[in-house]
Amino acid sequence: MYSTIYNVFNIMFIVFIGSLLVNGIFLLIRSYKLRRLNVFHIGIAHIFIVLGFVGNLIFNLSLLFEETFVSLGFFFGVLFTFTTFHKNRDINAKYTLLFISILLLVHYIFQVIYFITPGSLVHIISKILDIASTFSVFGWMGFSSFFAYQRIKDENVQDWIKFRYKLISFSASILSLQAIPELFIRYDVEYGDPANLGTLVIFGFTLIFSLIFSIGFLIAWIFPKYIKKVSSPEE
């Protein structure tokens, strides 16, 4: 009934996966050349998320397979934030890293429980934990990048680097809200079901948030020459 909308969303999903994959490969190569561990963290985070989605949705390796790799991707995203924006490794950053890591683990445990014995209560708890973990991972990344930008905005730093910080902050902050609409999906309704307008609309909203993140990160890291020229006209 809503096949046209569903097909449009599928195209958006392919763009999302494609941009994550391209960026992940680029960042892994970049991390090898620069010997930068933090760049490796965000690169492998992208790759794990792609593996999770592709493994489940294309090869039917189960939702648990998807959650395993997506959770790993989120964890490496947390490591990226910690190693990139908290180089002084202050005690608050260490506690935040520990808290989010535990939250991701608890969320994953509930995903395993739901996979084994699905039910409405476990579903609701799992979605609440999903919202909390997604917000924590990418909210921390967004705020950390924003405050890093605030520290360098008046310093003699190339404008395109400042632009990267702002774009990472914006993209990550948007993605931190991605899981909220999923709370309104019933546990017995398939996510993105083309026959159900409600879950299809929620699928569309989460895709928009995800696309903003993936394309934002793609622009932030793979800087075309003309973007550098626009952001640094004096060069």
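A polar contact is a pair of N or O atoms within 3.5 Å; within protein, one must be able to donate a hydrogen and the other to accept it, and residues adjacent in sequence count only if both atoms are side-chain atoms. Asp 90 gives one at the N-terminal end of α4, where its side-chain oxygen caps the helix, 3.1 Å from the backbone nitrogen of Asn 92.

This is a predicted model, where local features need pLDDT of at least 70 and side-chain atom pairs count only at pLDDT 80 or more, while totals for chains, interfaces and linings use all residues. Residues are numbered from 1 along each chain as its sequence is written, and side-chain values use heavy atoms, without hydrogens and water.

Helices here are DSSP runs of H or I, at least four residues, numbered from the N terminus. Next, the rings. Rings of Phe, Tyr and Trp (its six-membered ring) pair if their centres lie within 6.5 Å; planes under 30 degrees apart are stacked, over 60 edge-to-face, the rest tilted. The whole structure holds 17 aromatic pairs. For Phe 65 and Phe 69, the centres are 4.7 Å apart and the planes at 45°, so this pair is tilted. These two sit 4 residues apart in helix α3, about one helical turn. Phe 74 and Phe 138 pair edge-to-face, at 5.1 Å between centres and 90° between planes. That pair joins helix α3 to helix α5 across 64 residues.

Are Phe 74 and Phe 138 buried or exposed? Both are buried, meaning under 20% relative accessible area, with exposed over 50% and partly exposed in between (1.4 Å probe, protein chains only).
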